[in-house]
Amino acid sequence: MRCPIGKPSGSTLASWLSGLEVGRLVRVLATRPDAVSPPEPRSFGELADRLQRPASVAPVLAELALPQLQVAEVLAALGPVPRAALADLLDVIETVSDRGLDAALETLADHALVWPDGQGLLHMAAPLRQAWDSPLGLDAPLARLLADTTSEELRRMLVALGIPAPGTTKKARLATLLEHHSDPERVSAVVASAPVATRELLERRARHQGEQTQEQAEFLMLGAARASSEPGAHWALERGLLVQGRYSGYGPARMPAEVALALRGADWRAPFEPFPPIVQTVSVTEAEVDREAAAAATAFAAHAASVLAACAMSPPARLKSGGVGARELARIGKATQCDDIVVRLVLETAYDAGLLARDGDLVAATDGYDAWAEREPAEQLTALLQAWRTLPLTPTQARDEDGKALPALAGTPPCGGCVQARDGLLAAAAALAADQGVRSPVELGPLVAWHRPLAHQLPQDSTPFASVVREAELLGVIARGSLSPIGAALQADDGEALAAASRRLLPTATSAARFGADLTAVVTGSPSARLAALLDAVADREAVGTASVWRFSPGTIRGALDTGRTPDAIAADLADVAVGALPQPLSYLIHDTARAHGRVRIAPAACVIHGEEPSLLAELAAHRKLAELGLRQLAPTVLVCRTPLDKTLAALRAAGYAPVAEKADGTVRVEKTRRRRASAPAPNPLPGQRSRSVPTETPVDIGLSDLAARLRDAPPTLPDPDPFGTGVPYGTDTEEIVAGYAKSLTYSDVRQLAHAVDAGTAITFEYVAASGNRTVRTLSELDLDPPHLYAWCHLREDERVFTLSRILGVMSS
């Protein structure tokens with residue numbers, strides 16, 4: 001049968017790569033995370049070495065669809081196998097399934113994960129096997145498990161099986177044993193003759209190989225295996241049906257992959273789904289998709305402009321634990337008439353696009369926001385869409401794994417699975433027929449899981465990938481269950497096509513408004529930045545979306561007058577943007593509010609001077625020496641002063657006047673002379689008490705010659721660092737790294753945490769979660785990646801990511 005990945009040209013990856021066409025080689029390099037930073041490979045051998053690194057395989061696996069991962073898992077479990085054996089294990093019989101296997105192998109070859117050799121065997125990249133703990137629920141092949149076994153041990157296994165031992169070399173005896181165990185019929189016959197306990201043990205292990213728990217340790221003494229505590233294990237160990245690790249010293253005996261497959265039976269097949277799941281679809285037209293996508297994108301662009309304008313005017317405050325909390329999100333949502341999901345989506349995408357930034361305890365708009373606000377709605381949306389496409393998190397995630405509320409902009413660790421969820425959604429929608437869309441958005445979830453099996457699913461989603469699908473609908477990426485022109489441009493990663501699609505679907509900014517007699521202003525589409533700023537200054541925004549509505553009231557007009565605008569200027573500015581003449585009720589409202597504005601005035605004053613003689617008050621106001629007091633005459637007998645009372649009183653008395661001071665209730669303040677007294681010395685301590693010393697600084701007069709001598713005698717190198725003032729320097733580099741990020745820890749806590757990282761021991765610490773709640777966690781398998789700590793959490797029984805700066809205290813476990 002035709003091999004789908006090209007004519008084999010050798011048995012090594014380097015020789016196979018030399019036969020690839022240039023286009024495929026470029027695609028291989030482009031999919032690697034280290035394709036940009038390291039220099040270009042100078043030979044195919046160097047490229048092959050780079051592709052064999054574990055860091056180059058893991059990111060590529062996340063980009064594969066389900067059938068490609070299933071084929072890769074089979075190859076990882078069995079090692080080099082012919083294509084026919086691979087097809088048989090995957091139960092590929094029909095022509096359609098065979099084409100699916102060809103397509104999966106072709107994709108794996110494009111990523112340099114699988115290649116053929118001259119003997120027709122399919123090889124895989126070495127790190128691919130490490131992606132699964134037990135691929136297909138199988139352990140390693142027999143050859144790998146017996147790599148450290150001696151020739152004498154192999155001879156005893158062959159004798160126990162009733163097979164003559166060929167020669168005396170380990171290679172020959174191992175080949176004979178491998179040939180025997182690779183024949184399912186022979187293995188089944190041996191197991192059938194085993195004792196009942198052994199047969200039950202082997203059959204149970206074959207069915208549940210990937211679910212084995214840690215059992216009692218097995219040891220090797222003097223080259224011979226000690227019988228396992230599990231009944232029947234010794235008989236299987238003697239015949240190589242189970243293998244005990246020579247150097248592990250503990251753990252259960254391991255079953256070779258060949259033995260497990262033989263015991264599973266000839267009818268057992270590995271799972272293989274070459275085609276996506278069938279979903280219910282409906283017919284949609286291009287015009288319907290464009291119309292709905294345009295409505296959603298226009299509404300989101302207006303919401304984004306409104307939310308960011310509110311953040312620019314009143315920056316949201318950050319929580320002490322980081323991020324924008326529920327109270328600030330609710331405030332922004334109420335001010336802009338937006339749901340929480342829209343506010344979160346706007347904040348996260350705008351922050352990633354550089355329109356928002358942390359400014360101390362606030363999240364403030366940047367200079368980039370000012371330029372963004374002046375652009376057309378299509379350009380504004382394009383910037384946010386590009387940020388959403390590569391955002392390393394799901395912006396609308398509001399709950400963590402424990403169900404606790406999460407703030408927005410919390411600075412969570414990057415999530416590659418979240419990016420893959422969006423990739424899978426775009427790929428799933430793009431795979432639908434041109435005139436078809438899913439009946440319900442819920443049905444996109446299984447398609448995403450098929451296109452990206454390793455994508456991250458949020459615990460808050462009631463259906464698979466519900467949050468990602470909802471985001472795509474809000475942005476106009478998905479419309480009527482189908483991929484919109486905006487989504488197609490994102491899926492193709494074409495910036496020019498994305499900008500063109502946005503310009504085609506979104507109308508230009510509206511620079512005119514329709515004013516009604518009910519004191520409202522209506523703007524269809526997205527208002528321009530100038531129009532929105534003008535209406536926001538004189539009215540309250542009531543609705544945002546495909547049409548925005550503002551309402552005028554005496555309070556809004558009064559607020560505009562308070563900023564220094566005149567009624568005629570307000571009316572003129574509104575008339576410039578009005579479609580037709582301003583309604584008479586609005587003109588009356590502006591001028592009626594202006595007539596009442598300022599009838600009562602409030603002046604700042606530090607104190608008030610009053611008296612019964614107008615001539616005396618006029619003299620004080622005109623006195624040159626008292627000009628610095630800032631006197632202002634409000635009435636013939638009343639002056640206000642911007643200088644505090646005591647200073648004003650002293651200045652008037654120095655000028656020859658005899659004023660008196662009043663209290664707040666108008667009564668005369670009686671001044672009493674305070675006698676100055678020296679503080680008494682501290683009493684001598686009583687017997688048994690410790691005297692409290694007060695540090696004092698004694699000035700030291702050092703001459704230039706003494707200073708030069710000190711500088712000359714100073715050591716040539718700096719002393720060891722003393723990070724905590726204890727006289728003890730950092731013990732290891734890990735301590736210094738941890739101390740640089742975990743600012744809340746004491747020196748002893750830093751040393752405990754650093755020791756746990758270096759020694760691989762468990763540790764317990766107090767931690768502030770992203771929700772702001774304190775928790776105590778016990779961790780093991782620590783992996784330090786500043787500013788984060790990756791570890792296995794015993795409380796959640798899952799691998800979690802912790803931020804070093806949130807650790808409050810450390811306790812040894």
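Which residues have the most contacts inside the largest nonpolar core? Select F300, L347, W372, V477 and I486, which hold that position in a core of 64 residues. A nonpolar core here is a set of buried Ala, Val, Leu, Ile, Met, Phe, Trp, Tyr and Cys residues joined through side-chain atoms within 4.5 Å. Buried denotes under 20% relative accessible area, exposed over 50%, and partly exposed in between, with a 1.4 Å probe and protein chains only.

This is a predicted model, in which local features need pLDDT of at least 70 and side-chain atom pairs count only at pLDDT 80 or more, while totals for chains, interfaces and linings use all residues. Residues are numbered from 1 along each chain as its sequence is written, and side-chain values use heavy atoms, with hydrogens and water left out.

**The cores**

Return to the core of 64 residues and colour helix 15 (residues 286–313), which supplies its largest share, ten residues. Helices are DSSP runs (H or I, at least four residues), numbered from the N terminus. A second, separate core has 62 residues, including L64, A140, L202 and A257.

Next, centre on V477. Beyond its neighbours within four places in sequence, V477 is in contact (heavy atoms within 4.5 Å) with L385, W388, L426, A472, S482, L483, S484, I486, G487 and L490.

Then select D290, which lies in helix 15. Is D290 buried or exposed? D290 is buried, at a relative accessible area of 12%. Not counting residues up to four places away in sequence, D290 touches P485, R504 and L505.

**A helix pair**

Two packed helices are described by the angle between their axes and the distance between the axes. Display helix 20 (residues 416–431) together with helix 22 (residues 466–475): their axes come within 10 Å and cross at roughly 65°. The axes are lines fitted to C-alpha atoms, for helices over the stretch in contact, and angles run from 0 to 180 degrees between N-to-C directions.

Show side chains at the contact. Helix 20 contributes A421, R422 and L425, and helix 22 contributes V468, V469 and A472. By class, these comprise five nonpolar, no polar and one charged residues; Ala, Val, Leu, Ile, Met, Phe, Trp, Tyr, Cys and Pro count as nonpolar, Asp, Glu, Lys and Arg as charged, and the others, Gly among them, as polar.

**Salt bridges**

How many salt bridges are there? The count comes to 25, where a salt bridge is a side-chain nitrogen of Lys or Arg within 4 Å of a carboxyl oxygen of Asp or Glu.

Select R83 and D98, whose closest N and O atoms are 3.2 Å apart. The pair links distant parts of the chain, R83 in helix 6 (residues 83–89) and D98 in helix 7 (residues 95–110), 15 residues apart. R83 is buried at 10% relative accessible area, and D98 is buried at 14%.

Move to R155 and E152, a salt bridge with closest N and O atoms 2.6 Å apart. They are three residues apart in helix 9 (residues 151–161), and therefore separated by about one helical turn. R155 is partly exposed at 29%, as is E152 at 36%.

Finally, return to helix 22, where R470 and E473 are three residues apart. Their salt bridge has closest N and O atoms 3.7 Å apart. R470 is partly exposed at 38%, and E473 is partly exposed at 23%. To close, select R83, D98 and D102, which salt bridges with shared partners join into one network.

How values were computed. Helix = DSSP H or I, 4+ residues; strand = E, 2+ residues; numbered from the N terminus.
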